[in-house]
Amino acid sequence: MNIVASVKNASKQYKTGDMLITALQPTSFDFRRNELTLIIGPSGSGKTTLLSLLGCVIFPTDGEVFIGGELINGLSQKKLADIRLNNIGFVFQSFNLLAPLNGLENVMHPLLLMGISKSEAKQRAEEALIKVGMQDRMKNLPKMLSGGQQQRVAIARALVTDPSLMLCDEPTAALDTKSVSVVMEELKMLSTTGKSVAVVTHDLRLKQFADRIIYVNDGVASETPPEDENFH
Ligand code: ADP
Ligand code: MG
């Protein structure tokens with residue numbers, strides 16, 4: 001199947017005290033294999049909310065979310081955790097590597113959580129690190145690596161389980177210009193290997209890497225850019 005994830009009229013409201021915040025208006029999109037989708041918009045516009053819906057981290061207030069054709073609304077936390085582990089790879093702005101573990105051990109971690117043997121996990125982790133060009137720094141602790149290198153290890157960790165969907169929240173926000181290109185090239189390469197890659201950003205310069213762009217403005221997500229000059 002070509003579509004790996006869908007939101008259908010999915011919206012999200014947050015209640016804080018007696019305040020109701022609409023983070024995302026009803027939104028419908030399909031996310032396909034071999035596609036890098038950029039989700040672009042200013043801070044507070046609802047980008048992370050959309051990504052969190054796709055990542056089964058939050059439930060929509062209304063509407064539906066499908067992963068691999070399965071409706072995720074109302075599934076148990078245990079089932080959701082399984083879906084996340086088997087279908088979805090996450091990459092964050094702050095890398096979120098485990099500090100006491102070296103690169104190889106960080107990438108092995110999700111496989112060990114899946115119950116895969118240590119020797120197989122090691123082999124697959126090495127292959128993932130080779131894919132992102134980090135084979136020479138596998139034994140380094142995160143603190144010995146540059147931001148760009150840490151993010152490439154984080155990408156290897158996200159792809160080692162062979163997820164159909166890669167969700168990246170501001171993956172280049174903490175990087176220097178050169179590392180931004182390297183990391184985006186890696187994500188672009190992954191999108192050509194049958195995965196659907198979604199990248200949240202507020203950086204318009206990343207447009208050049210996108211197969212398609214979803215603009216998010218004040219909780220409204222659309223493939224048509226808003227008139228707002230901040231989007232051009
Ligand atoms: P972005 O990622 O584009 O910066 P978010 O999706 O994080 O935007 O947030 C959209 C809106 O929802 C913002 O107004 C934010 O303050 C609000 N929001 C996000 N998460 C929560 C939460 N857990 N509780 C209450 N409000 C939230
Ligand atoms: Mg955000």
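How many aromatic pairs does the structure hold? The structure, a predicted model, holds one aromatic pair, and the views below begin with that pair.

**View 1. The aromatic pair is formed by Phe-90 and Phe-92.** A pair of aromatic rings is described by the distance of the centres and the angle of the planes. For Phe-90 and Phe-92 the ring centres lie 6.0 Å apart and the planes meet at 5°. Planes under 30 degrees apart count as stacked, so the pair of Phe-90 and Phe-92 is a stacked one. Phe-90 has a relative accessibility of 22% and counts as partly exposed. Phe-92 is also partly exposed, and its relative accessible area is 31%.

**View 2. The charged end of Arg-212 sits over the ring of Phe-31.** The distance from the charged end of Arg-212 to the centre of the Phe-31 ring is 5.1 Å.

**View 3. Residues of strands E1 and E2 and helix H1 take part in the shell around ligand 1.** Strand E1 spans residues 3-16, strand E2 residues 19-32 and helix H1 residues 47-54. Each of these elements supplies at least two residues of the shell. H1 gives the largest share, three residues. The residues around ligand 1 include Tyr-14, Thr-16, Ile-21 and Ala-23. Also among them are Pro-42, Ser-43, Gly-44, Ser-45 and Gly-46, together with Lys-47, Thr-48 and Thr-49. By class, the shell has four nonpolar residues, seven polar residues and one charged residue.

**View 4. Asn-106 is a buried residue of helix H3.** Helix H3 runs over residues 103-113 and contains Asn-106. Is Asn-106 buried or exposed? Its relative accessible area is 0%; buried means under 20%, so Asn-106 is buried. The Asn-106 side chain reaches the backbone nitrogen of Leu-98 at a distance of 2.7 Å.

Conventions. Residues numbered from 1 in each chain as written. Chains lettered and ligands numbered in written order. Predicted model: local features only at pLDDT ≥ 70, side-chain atom pairs only at ≥ 80, totals over all residues. Heavy atoms only, no water. Near = heavy atom within 4 Å. Helix = DSSP H or I, 4+ residues; strand = E, 2+ residues; numbered from the N terminus. Nonpolar A, V, L, I, M, F, W, Y, C, P; charged D, E, K, R; others polar. Phe/Tyr/Trp six-rings, centres within 6.5 Å; stacked < 30°, edge-to-face > 60°. Buried < 20%, exposed > 50% of the residue type's maximum accessible area, 1.4 Å probe, protein only. Lys NZ or Arg CZ within 6 Å of the ring centre and 35° of its normal. Polar contact = N/O pair within 3.5 Å; in protein donor to acceptor, adjacent residues only side chain to side chain.
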